[in-house]
Amino acid sequence: MIHPIPSGTRDVLPEETREVRAITDTLRGVFERHGYGEIYTPALEYESVLARADMAEARPAYRVFDESGAVLVLRSDMTVPIARVVATRYGGTEPPMRFCYFAHCYRGVRPQRGQPRELLQAGIELIGSPAPDGTAEALTVLCHALDATGLKDYRIGLGDASLFPALMASLRVPEAARAGLLETLVLRDFVGLQEALVESGLSGEALELLVEVPQRRGGPEVLADLPAPAHDAVMGLRRVHELLEAAVAERVIFDLGLVRNIGYYTGAVFDVYDPALGAPIGGGGRYDELLARFGRSLPAVGFALGVDRLHMALAGEERGTGALLARPGAGEARSTPAA
Amino acid sequence: MSPINGLTIAVPRGALFADTVDLLASLGLETEELRSNDRKLLFEEIGVITMRPTDVPTYVEAGAADLGVTGKDVLLEQAAQRPGEGGREVYELLDLGYGRCTMVLASKAGPDPALEALRRLGVMRVATKYPRIAARHLEETGRQAEIVEVKGSVELAPLTGMVEAIVDLTATGTTLRENNLVVREEIVLCTARLIANPVSHKLKAAGIDDLMAQLRGLPAGGPG
């Protein structure tokens with residue numbers, strides 16, 4: 001008999017579980033060594049509580065009612081539940097606080113390659129440690145964790161969520177158009193971005209900057225010759241970069257078009273890429289205003305890795321046949337960091 | 001013979017094929033075999049894979065190609081309908097200018113049967129190969145519609161009385177005219193677009209930027 005399970009979910013059998021467990025055990029060891037204590041929170045939360053965070057696209061997709069009629073949601077990430085825990089259970093604790101987690105999260109995506117509705121995330125949250133030091137610590141833990149799993153060719157794309165809004169504000173983009181433009185950039189629709197900017201009445205140098213700057217990515221040279229409004233964001237990125245140990249710093253690709261469709265990110269944001277996989281393995285960033293919405297105002301930073309995607313990337317690297325590997329030009333991607 | 005900057009490019013067979021191959025040739029790619037052998041799918045020596053235009057975003061999203069060329073109509077049809085609904089995760093880098101077509105709403109000449117259906121029955125039936133674009137357009141313009149998805153020769157649907165209108169792509173309008181159909185509304189202008197895989201866009205940034213600079217340096221409007 002074949003009995004179905006919901007689309008976007010799956011069973012994990014012993015052979016795969018053994019491999020996944022090896023990865024999570026390794027990650028847990030690194031997180032613990034850096035002082036991050038593991039926590040569990042309920043998969044179900046009150047909708048009214050999680051709604052305090054502006055989660056935009058990562059908004060919980062599954063709702064149920066309990067016996068008293070309260071609306072419960074399946075958590076869509078662990079950052080918001082941990083913000084709730086910090087405000088509720090650590091109200092008087094001296095920061096910084098360090099937490100790590102291994103938890104299933106639920107999203108209403110259309111299932112496709114590597115994009116399930118139930119996904120196992122591994123991550124950390126560093127609460128009460130501002131930029132740049134907190135950001136540098138999170139990036140360091142991230143690289144140490146990935147190194148420990150044996151992943152070889154990964155890179156970290158590092159950007160700043162405040163950069164493009166700052167550019168728009170200073171270049172006099174009409175306020176009503178800004179949210180739509182940001183949405184277009186989240187999709188990295190650069191053609192649509194240009195069209196929408198022209199429609200908003202921009203031209204000349206301002207138009208050129210707003211289209212060109214978010215397409216910049218590469219080494220520290222992309223931070224040069226930026227217009228004044230980008231100064232704060234760029235200084236922030238430079239300071240983080242200076243604090244990183246060499247082995248971590250050389251993994252970093254600056255990406256000035258990196259923006260998030262999750263509303264609570266405020267400063268540095270980052271994604272993890274590996275040539276063995278066509279999509280990011282994970283990502284994170286600063287969310288300095290999220291905790292305040294739960295009643296304890298603290299700067300914070302964190303990241304989450306998709307354990308299954310990490311597993312796929314490891315398997316791809318091992319076989320040498322990942323998405324971007326088994327093709328002409330793959331040798332170049334493996335041997336040289338993006339310049 | 002070698003790929004451009006070590007990049008793999010997904011090239012659409014069909015209406016956009018000739019212009020796309022001309023474009024690649026003008027960048028210095030050896031395209032002779034690509035032009036002459038229409039059965040082969042994988043041209044490893046020059047980093048080209050060929051497929052139906054609708055499959056291009058799929059291959060690029062998965063990272064099986066770094067870059068791809070496909071029509072805006074394909075991208076719109078596969079885009080997320082609402083934020084968070086999970087459209088194709090590819091970057092749209094450049095409007096290549098060729099393959100100009102318009103997505104239109106058309107119906108039989110004479111008094112518009114779609115208007116009559118809306119007035120008397122409250123709903124219009126619309127046949128299309130682009131159900132999501134059609135549904136979005138009709139929703140945005142506040143009309144109730146029943147979308148009928150067909151795979152080919154959309155013009156047949158209103159002629160047989162199955163539907164009152166169609167949503168389809170037209171370049172010159174000849175096929176519509178020959179079937180006694182008239183354009184009632186222009187929905188969106190579509191051209192060929194250059195798209196990229198998000199990871200390739202970071203890890204092969206120099207190669208992609210160099211190719212984009214070369215493309216921008218070509219005479220406007222693309223080849224041909």
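**Helix pair in chain A**

I looked up which residues bring α1(A) and α12(A) together. From α1(A) I noted A:Glu19, A:Val20, A:Ile23 and A:Thr24; they meet A:Val307, A:Leu310 and A:His311 in α12(A). By type, the residues of this contact are four nonpolar, two polar and one charged. I am reading a predicted model here.

Next I checked the geometry. Helix α1 covers residues 14-33 of chain A, and helix α12 covers residues 307-319 of chain A. Their axes come within 10 Å and cross at roughly 105°. I therefore logged α1(A) and α12(A) as roughly perpendicular to each other.

**Chain A overall**

I counted secondary structure from the assignment: chain A has 13 helices and 12 strands. The C-alpha trace of chain A spans about 65 × 55 × 45 Å along its principal axes. Is the radius of gyration of chain A in agreement or in disagreement with a compact globule? For 339 residues such a globule would have a value near 20 Å, and chain A has 20 Å, so the two agree.

**A three-stranded sheet in chain A**

I followed an open sheet with the strand order β2-β4-β3 in chain A, and its pairing is antiparallel.

I then looked at one pair in it. Three bridges link β3(A) to strand β4 (residues 71-74) of chain A, in the antiparallel sense. A:Arg63 has A:Val73 of β4(A) opposite.

**Domains of chain A**

At the contact, 13 residues of domain 1 of chain A face 12 residues of domain 2 of chain A.

Which elements each supply at least two residues of the domain 1 side in chain A? I noted α4 (133-149) and β10 (268-273) of chain A. α4(A) gives the most, with six residues. The domain 1 side of chain A divides into seven nonpolar, four polar and two charged residues.

**Domains of chain B**

I repeated the look-up for chain B. The assignment gives domain 1 (4-100 + 191-217) and domain 2 (101-188). The C-alpha centres of these chain B domains lie 30 Å apart. Six residues of domain 1 of chain B and nine residues of domain 2 of chain B make the contact. On the domain 1 side of chain B I noted one nonpolar, two polar and three charged residues.

**A five-stranded sheet in chain B**

I traced an open sheet in the order β8-β7-β9-β6-β10 of chain B, with mixed pairing. Why is one side of β8 (145-149) and of β10 (181-190) of chain B left without a neighbour in the sheet? Both strands stand at the edges with a single partner strand each, so one side of each stays without a neighbour. Neighbouring strands are turned by 25° against each other on average, direction ignored.

Strand β7 (residues 124-128) of chain B runs parallel to β8(B), joined by five bridges. One bridge I picked out pairs B:Met124 with B:Ala145 in β8(B).

Two helices pack on this sheet. Helix α5 (residues 113-121) of chain B touches β6 (101-108), β7 and β9 (165-170) of chain B, and its direction makes about 140° with that of β7(B). Helix α6 (residues 131-140) of chain B touches β6, β7, β8, β9 and β10 of chain B. I noted about 170° between the directions of α6(B) and β8(B).

Notes. Residues are numbered from 1 along each chain as its sequence is written. Chains are lettered from A and ligands numbered from 1 in the order in which they are written. This is a predicted model: local features need pLDDT of at least 70, side-chain atom pairs count only at pLDDT 80 or more; totals for chains, interfaces and linings use all residues. Axes are lines fitted to C-alpha atoms, for helices over the stretch in contact, and angles run from 0 to 180 degrees between N-to-C directions. Helices (H or I, at least four residues) and strands (E, at least two) are DSSP runs, numbered from the N terminus. Angles under 35 degrees count as roughly parallel, over 145 as roughly antiparallel, 65 to 115 as roughly perpendicular and the rest as oblique. Two residues are in contact if their C-beta atoms, placed from the backbone, lie within 7 Å. Ala, Val, Leu, Ile, Met, Phe, Trp, Tyr, Cys and Pro count as nonpolar, Asp, Glu, Lys and Arg as charged, and the others, Gly among them, as polar. Domain bounds come from an automatic or database domain assignment. Two strands pair if DSSP finds at least two bridges between them. The radius of gyration is taken over C-alpha atoms; the globule rule is 2.2 Å times the number of residues to the power 0.38.
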